[in-house]
Amino acid sequence: MPSTSPRTLGPELVLAGRIGKNVDVLVVALSTSEDGLELVVTDDIPDAVASELLDAFEAVGATGKADELTRIPAPAAVAVASVVAVGLGKSADIDTERIRRSAGTAARSLSGTATAATTLSALDLGAAAEGFFLGAYTFTEFKSALSAPGPDAGPLGRVELLVSNVRAREPKAELARSIAVAESVAIARDFVNTPPSHLYPEEFAARAKELGTAAGLSVQILDDKALEKGGYGGIHGVGKGSSRLPRLVRLTHSGGKRKSKKVALVGKGITFDTGGISIKPAAGMENMTSDMAGAAAVIATVILAAKVGLPLDVVATVPMAENMPSGTAQRPGDVLTQYGGITVEVINTDAEGRLVLADAMVRACEDDPDYLIDTATLTGAQVVALGNRTPGVMGTDEFRDRVAQISQSVGEGGWAMPLPGEIRRELDSKVADLANVTNGRAGGMLAAALFLKEFVAEGVEWAHIDVAGPAYNTGGPFGYIGKGGTGVPVRTMFAVLEDIVENG
């Protein structure tokens, strides 16, 4: 059984003006330019030592290409056991995300290392910190002594981030922000990686309450009886097929200013999705443990807003349900009444995410927010359209483009997508106000967003982020992303909140 005690989410990150006495490995960066291979160094490394390092890396064939790792014994003048170089690629192409990914690549190679130091922080402190923290992330809660990593393969323990002035206010603030962001991404990853046997609606709600209360949020939980009585037809309809009944969680952060903007966050929390009566194929169904990644990201984001004290009102409304086939499950052809009164014909019970989101979005809009962001592992069509790493962003034009641009700037790569009117007409139902799917496969991601648009109150700036692929990595590790939950789009949503504070 997994431990119930709090766990360390990532390595200890500290500022350092010089390489410490107990450092095991020094991580440096190599890049390429017209002049050949280049080494990124700090003032703490003398020119002669830097030249010796560069010669040694060239001698073993290092090229400096992006994410290439090369390890050599440390020169006598550097008091560490070894030096690891991570490639940044062409020097002209180096940006914040490249540094973040390279730091993550380095961190993944340092399993079993007690303490490392790095010069990557000289290029971009925040990106290096996030990359090392998230690259070192592991989830071994359900491994027994038979398969758990031993001390020589455990996670990276401590990273000294080399900077020119450890006492300056700016690097301290930048590191504190980066640690807070990375910890919140790791919280979302932990939620997603916890199996549905242990994370079902009631338990998910309890864990969200525990974390939210600890962060100073006010928390409200509606159970299955309150949901049915309150008219939450979407959440109740999806969740009634399971013996583990649904919940709706509300977490509120108050910005403390009378005229602060109000942002509503909504995240899909399907703790496991069989497809219901419209059951999914067996192959790959185990990955549906990730169908609550939107909820995980929203919970982590509002907790982050509270931890850093954003002067902004943020309310997360999180529907949680398990979509199971049973004698009590909703059927294709059923009509349900969403919270707020819109009726929906359920053509496909595997299009359940939009049903629970719709209830939550109507409830969120009752708070009269200025902005609404919802996120979900909503459609396989997102993966078909944009692949496994690029979220689709839809919504009101101006806010959609703003969210997509910010997503790209933080390295999560959101891409703006349209909402065509001709697809909306295909959601008309012969017996209800709406059908939950169209009759064809074309534009499935857009159709889902058009369905959700019907539940956004007039005058609210809205963005929908479909992360069906990006929220859960089923392939090999890359950069600061391992297998399993990624934490996307926590960094996007938090950066949007910061941008709203700054620019309204």
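Skipping its neighbours within four places in sequence, T105 touches D67, L69, V86 and G479, where a contact means heavy atoms within 4.5 Å. T105 sits in helix α2 (residues 96–108). Helices (H or I, at least four residues) and strands (E, at least two) are DSSP runs, numbered from the N terminus. With a relative accessibility of 5%, T105 counts as buried. Buried means under 20% relative accessible area, exposed over 50%, and partly exposed in between (1.4 Å probe, protein chains only).

A word on where all this comes from. This is a predicted model, in which local features need pLDDT of at least 70 and side-chain atom pairs count only at pLDDT 80 or more, while totals for chains, interfaces and linings use all residues. Residues are numbered from 1 along each chain as its sequence is written, and side-chain values use heavy atoms, with hydrogens and water left out. The pLDDT is the predictor's confidence in each residue, from 0 to 100. Its mean over the chain is 95, and 99% of the residues reach 70 or more. Over residues 1–5, though, the pLDDT is below 50, and this stretch has six contacts in the model beyond near neighbours in sequence. Where pLDDT is low, the predicted coordinates should not be read in detail.

Next comes helix α5 (residues 201–214), with 14 residues. The buried residues of α5 are P201, F204, A205, A208 and G212. Looking down the helix axis, these buried residues fall within an arc of 95°, so they line one face of α5; the arc is that of the directions from the helix axis to the C-beta atoms. An α-helix has 3.6 residues a turn, so residues three or four places apart point the same way. Over on the other side of α5, E210 and A214 are exposed. The cover over the buried residues includes α4 (169–193), β8, β9 (247–253), β11 (269–273), α8 (293–308) and β12 (313–323). After α5 comes G216, with a positive phi near 90°.

Two of those covering strands, β8 and β9, pair in the antiparallel sense over five bridges; strands pair if DSSP finds at least two bridges between them. Here S218 stands opposite T252 in β9. β9 also runs antiparallel to β12, joined by seven bridges, and L251 has A316 as its bridge partner in β12. β9 is mostly covered, with six of its seven residues buried. Back in β8 (residues 218–222) is L222, which is buried at a relative accessible area of 17%. Leaving aside neighbours within four places in sequence, L222 is in contact with L227, Y232, P246, R247 and L248. L222 and V249 lie 27 residues apart in sequence, yet their C-alpha atoms are 6.5 Å apart in space.

Last up is helix α14 (residues 490–503), whose 14 residues reach 20 Å from first C-alpha to last, close to the 20 Å expected. This helix is mostly covered, with ten of its 14 residues buried. Among them are R491, M493, F494, L497 and I500. Just after α14, G504 takes a positive phi of about 80°.

Technical notes
The expected span of a helix is 1.5 Å times one less than its number of residues.
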